[in-house]
Structure formats: C-alpha cells, structure tokens
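Please keep the sequence and the structure at hand while reading.

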Amino acid sequence: MTTTKSLPGGGYRLGDLMVSRVGFGAMQLAGPGVFGPPADRAEAVAVLRAAVELGVTHIDTADFYGPHVTNEVIREALAPYPGDVHIVTKVGAVRDEAGGWIQDRSPAALREQVRANLRNLKLDALDVVNLRVGGGSDGHSPVPGSVAEPFGALAELRAQGLIRHLGLSTVDADQVAEAQAIAPVVCVQNFYNVARREDDALVELTARQGIAYVPYFPLGGFTPLQSGTLASVAARLGASTQAVALAWLLQRSPNLLVIPGTSSVAHLRENVASASLSLDAVTIAELDAIGR
C-alpha cells in the first residue's frame with residue numbers, strides 16, 4: 001500500500017481520494033499542438049508506467065488531448081488501474097478537424113464528453129472531472145459568467161455515479177462559490193506560477209477550504225528578466241529551472257498540487273525529483289520577488 005510519506009511531494013485529498021502532490025500531466029503525450037498521435041507511442045507508455053513506479057498517483061488528462069489520444073495511451077499503459085492511482089480529466093471543449101480548440105459546455109455535450117472519457121479510459125466512473133470554463137483572449141484567463149448550467153449537468157452525472165468528484169478549471173472566486181452551491185468542489189486548476197501571481201487570493205481561499213489548487217504552465221508567462229532570475233537561482237542550486245519552479249509551488253501552500261508533463265522518462269524523473277528540492281527562506285524571498 002502506498003503511504004502518504006512515499007508519495008512524491010507528500011499527499012493531498014481530493015474528496016476521499018489521496019493523491020501525490022507531484023502528479024503527471026498527460027497533455028504532452030499527444031502529437032504537436034496536442035493533436036494527433038505521439039511521435040513515439042512506446043515511450044509515451046513507458047513514461048506513464050515510470051510515473052506510477054515513482055509513486056505518482058495523480059494523472060491529469062482530457063479526452064480533447066489528441067483528441068482521445070492521451071486517454072487511449074493511459075488505458076494502454078495502466079489499465080487495469082492500480083487502486084491508488086487516480087485520473088483527473090477535464091471537459092468543456094472539443095477539437096475541430098484542424099486541431100482547433102472549441103468550447104462546448106452545453107449539458108448534452110458535457111454528457112457526451114464524460115461518456116467519451118469513460119470509454120477511452122476504460123472506466124466505469126471517473127475519479128475527478130474538471131469543468132473548463134475560461135480561456136479568454138490569451139487562452140488561460142477566467143471569463144466572468146455563470147457556471148450553473150454546465151456544472152449542474154456534471155453534478156447530475158455525479159449523482160448517477162458516473163463521476164466521483166468535481167472540480168473547476170480556469171475560473172475566478174465567484175465561479176467557485178457558485179459551483180459550490182450546487183455540488184462540492186475538490187480542486188481548482190488555473191494558470192499560476194512564481195511569475196504569474198494573480199491567483200494568490202484564490203490559492204489562500206482554496207487552502208482555507210481544503211480544496212486542492214492545481215497550477216498549470218509552471219514556466220508560462222515569464223519575461224526575459226524573470227526567466228533570468230529563475231535561471232540564476234537554478235544554477236546556484238545545481239537544479240533545473242523547471243525543478244526550482246515546481247519546488248517553489250510545492251512550498252507556496254500545502255494545497256498546491258503540480259502536474260508537470262513530459263514525453264521523456266528522463267525528464268519525468270527530473271520533475272519528480274523536484275519534490276525533494278528544499279528552498280531556504282532567502283531563496284524563497286528571491287523567487288517571490290519575481291512575481292511582484
């Protein structure tokens with residue numbers, strides 16, 4: 001049995017499910033532009049199996065990656081799934097024939113997207129389903145508006161036993177509160193890193209409520225100056241910039257879970273090793289200044 005101590009980064013509960021704080025994001029297992037098959041399917045399968053061997057129990061995916069590709073690779077690599085491995089998926093978008101991203105959050109579309117995830121992952125119920133809401137002009141900003149109808153549709157599927165837990169992606173605090181009035185929210189997945197700190201207040205709010213906050217793009221949105229500061233810290237510590245950025249997130253708040261992705265087993269091992277990288281107070285202060 002996997003213990004909390006042996007989970008990379010420690011463990012955190014998504015509802016009644018214990019997951020490793022260092023997870024694995026499967027997006028990069030699809031082809032270029034998150035579209036089509038991987039260049040090396042055998043390596044993609046190997047990455048997933050290596051992640052589980054390293055103690056990772058939190059796999060993040062979406063059926064619109066590929067589309068369908070990452071879920072099919074996850075199924076090939078891990079099914080039948082170990083009891084302590086939990087898959088978190090997203091709904092709210094589909095792909096067109098050219099690989100474009102199309103928002104589709106109608107109740108009927110969400111029901112079909114949930115069925116597609118179940119079918120392609122070969123599961124009877126999904127551990128966690130995140131409703132992806134925003135995107136904005138930059139692709140990762142929350143867009144104000146009601147989430148009642150789409151989140152309510154997912155809550156109905158939860159009541160039917162097709163989904164165990166619900167989360168939200170690319171949302172603001174008002175949308176989280178609106179969703180919570182409909183059904184419990186176990187995680188929020190937003191754009192956040194050491195340089196992009198707009199969600200500091202939401203990190204604190206979710207921490208108080210016992211909700212996991214799952215940041216994506218740990219190196220996204222950096223200016224050249226910010227990147228230079230991070231690279232300088234990484235060189236001093238003898239670590240990669242990715243490892244330092246992930247370590248900062250893990251030390252930022254105990255409810256932060258990281259889901260770095262890669263298509264390389266070697267890179268995967270570097271990412272998981274970030275869990276053991278300890279940043280002292282001086283280094284934390286230096287990195288904190290990047291986001292100010």
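The sections below take up the basis of the model, its strands, its pockets and its aromatic rings.

## Basis

The model is predicted, so local features need pLDDT of at least 70 and side-chain atom pairs count only at pLDDT 80 or more, while totals for chains, interfaces and linings use all residues. Residues are numbered from 1 along each chain as its sequence is written, and side-chain values use heavy atoms, with hydrogens and water left out.

## Strands

Strands (E, at least two residues) and helices (H or I, at least four) are DSSP runs numbered from the N terminus. Two strands pair if DSSP finds at least two bridges between them.

Seven strands make up an open sheet in the order β3-β4-β5-β8-β9-β10-β11, with parallel pairing. β3 (24-25) and β11 stand at the edges with a single partner strand each, so one side of each has no neighbour in the sheet. Within the sheet, β8 (residues 126-132) and β9 (residues 163-169) run parallel and are joined by six bridges. N130 has G167 in β9 as its bridge partner.

Strands β1 (residues 11-14) and β2 (residues 17-20) pair in the antiparallel sense over four bridges. G11 is opposite S20 in β2. The hairpin of β1 and β2 has two residues between the strands, and G15 takes a positive phi near 65 degrees there.

## Pockets

Pockets are found on a 1 Å grid over the protein atoms alone: a pocket is an open set of points where a 1.4 Å probe fits, with protein on both sides within 12 Å along at least five of seven lines, and lining residues have an atom within 4 Å of a point. Grid points are joined across faces, edges and corners, and a volume is the space filled by probe spheres set on the points. In the linings, Ala, Val, Leu, Ile, Met, Phe, Trp, Tyr, Cys and Pro count as nonpolar, Asp, Glu, Lys and Arg as charged, and the others, Gly among them, as polar.

The largest pocket holds about 680 Å³ of space. It is lined by 32 residues, and M27, Y65, K90, Y216 and F217 are the closest to its centre. The elements giving two or more residues to this lining are β7 (101-103), β11 and α8 (241-252). By type, the lining of the largest pocket has 17 nonpolar, twelve polar and three charged residues.

The second largest pocket has a volume of about 190 Å³. Of its 15 lining residues, D63, H68, A93, V94 and Q113 lie nearest the centre. The largest share of this lining, six residues, comes from α3. Seven of the lining residues of the second largest pocket are nonpolar, three polar and five charged.

## Aromatic rings

Rings of Phe, Tyr and Trp (its six-membered ring) pair if their centres lie within 6.5 Å; planes under 30 degrees apart count as stacked, over 60 as edge-to-face and the rest as tilted. This rule gives seven aromatic pairs. One of them, F191 with F217, is edge-to-face at 5.6 Å centre to centre, with 80 degrees between the planes. F191 lies in strand β10 (residues 185-191) and F217 in the loop between β11 (212-216) and α7 (224-237), so the pair ties together parts 26 residues apart in sequence. Y216 and F217 also form an edge-to-face pair, 5.1 Å centre to centre and with 85 degrees between the planes.

Burial is judged by relative accessible area: under 20% is buried, over 50% exposed and in between partly exposed (1.4 Å probe, protein chains only). F191 is buried at 8%, as is Y216 at 12%, whereas F217 is partly exposed at 38%.
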